[in-house]
Amino acid sequence: MSKFDPYEHLNVVLNQDGSITRLLDFPTTQATGDQNHLPGQAVVSKDITLNEEKKTWMRLYRPSKLPSNDKSIAKLPIIVYLHTGGWIHFSVASTIIHESCNQLCSEVPSIVVALDYGLAPENKLPSQYHDTVDAVLWIKNQALDRVNGEKWLREYGDFSRCYLYGVSCGGNIAFNSALKLLNKKLEPLCINGVILNQPLFGGKMRTKSEMRLATDPFFPLPVIDVLWDFALPKGTDRDHRFCNPMMNGPYRDKINKLGRCLVIGFGGDPLVDRQQEFVQMLVKEGVMVEARFDDVGFHGIEVVDSRRAAAIINFVKEFV
């Protein structure tokens, strides 16, 4: 492993100023726009600026076939989607993320608010948590604005059923953002649950699964370490609470107020021991937890295995 280059594995070059040059140009997909969807298209989407100064934005998704002005039809849950990418890759315009949101929106069904948060290392933690809080407060403001509030949310979204859903690093963002949101007045919005799909956590002491899967072809240990170097605040290490939720601190007193949590993981993921330890901690703190772990599978398996992707969607559908 001494010859292994994690930067080459990630397809990035580290610059002298601490930023990175990303060598991969991932395919992107444009939003359909409010009215410009094709016949038979199950989902429509549109982009909305969140914070011009921080260059954050969101892509909203809704099922294309929805009854209008029929109050007998139940409104849809609102899912704030926090994408994968190891802190450093992808945007919500990336085709792989866009298609995931299309599927989530269509099959749950739901109103999906996918956040394009600031990427590391240009944006260090807790910047991504702050971006998520901004997005949730924006949703709240749409509920309060009866004149100019976002139509898709006001007409079709159920503000009493809002969920944070994060994948990998997005799972980390969902958990830590949910803790921050406990200090905010969100009414009439209600965070009804937090969904953590293969959440990215870490720590200085290696777990058995990290050691067993240290040379995992997709997510090897040196790569995980570099991603934490990119994401964590300068001068901190992997036992910082942003990385290691098992560390003691005042934030632990708030965990029991989180409400419901769904945690999804796979036995071939180097992170699986941390994820299961995290579940045990949540249970000990009094959180209502649904844990869905499969012995077979690896980190990010849903990208290449459509059956696993469908199973994850079903877990989410049952949870919301």
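**A buried charged pair and its helix**

Mentor: Let's start with E210, which counts as buried because its relative accessibility is 3% (buried is under 20% relative accessible area, exposed over 50% and partly exposed in between, with a 1.4 Å probe and protein chains only). Before we go on, keep in mind that this model is predicted: local features need pLDDT of at least 70 and side-chain atom pairs pLDDT 80 or more, while totals for chains, interfaces and linings use all residues. Residues are numbered from 1 along each chain as its sequence is written, and side-chain values use heavy atoms, without hydrogens or water.

What does E210 pair with? Its partner is R274, and the two form a salt bridge whose closest N and O atoms are 2.7 Å apart (a side-chain nitrogen of Lys or Arg within 4 Å of a carboxyl oxygen of Asp or Glu). This pair links distant parts of the chain: E210 sits in helix α6 (residues 208-212), R274 sits in helix α8 (residues 272-284), and 64 residues separate them. Helices here are DSSP runs of H or I with at least four residues, strands are runs of E with at least two, and both are numbered from the N terminus. R274 also counts as buried, with 7% relative accessibility. As a general point, side chains of opposite charge can pair when their charged atoms come close.

Now follow R274 into its own helix. Which residues of α8 are buried? They are V272, R274, Q275, F278, V279, M281 and L282. If you trace these numbers along the helix, a general rule is handy: an α-helix has 3.6 residues a turn, so residues three or four places apart point the same way. The cover over the buried residues of α8 includes helices α5 (169-181) and α6, along with strands β8 (191-197), β9 (260-266) and β10 (288-294). Just after the helix, G286 takes a positive phi of about 95°.

Leaving out residues up to four places away in sequence, L282 touches F175, I255, L258, C261, V263, V287 and V289 (contact means heavy atoms within 4.5 Å). L282 and W87 are the residues with the most contacts inside the largest nonpolar core, which has 71 residues (a set of buried Ala, Val, Leu, Ile, Met, Phe, Trp, Tyr and Cys residues joined through side-chain atoms within 4.5 Å). Helix α7 (residues 221-231) gives the most to this core, with eight residues. A second, separate core of 27 residues includes Y81, V108, V167 and V316.

In one of them, E122 pairs with R22, with the closest N and O atoms 3.0 Å apart. That pair also joins distant parts of the chain: E122 is in the loop between β6 (111-116) and α3, R22 is in strand β2 (residues 20-22), and they are 100 residues apart. Here E122 is partly exposed, at 39% relative accessible area, and R22 is partly exposed too, at 29%. D305 forms another salt bridge with R308, at 3.2 Å between the closest N and O atoms. D305 is buried, with a relative accessible area of 16%, and R308 also counts as buried at 16%. R308 is found in helix α9 (residues 306-319) and, sequence neighbours up to four places away aside, touches F266, D294, V296 and I301. Elsewhere, D34, K46 and E150 are linked in a network of salt bridges.

Helix α3 (residues 127-144) has 18 residues and reaches 26 Å from its first C-alpha to its last, close to the 26 Å expected. Because 13 of its 18 residues are buried, α3 is largely enclosed by the rest of the structure. Q128 lies in α3 and is buried, at 0% relative accessibility. Apart from neighbours within four places in sequence, Q128 is in contact with Y117, G118, L119, A120, N123, I173 and S177.

How values were computed: The expected span of a helix is 1.5 Å times one less than its number of residues.
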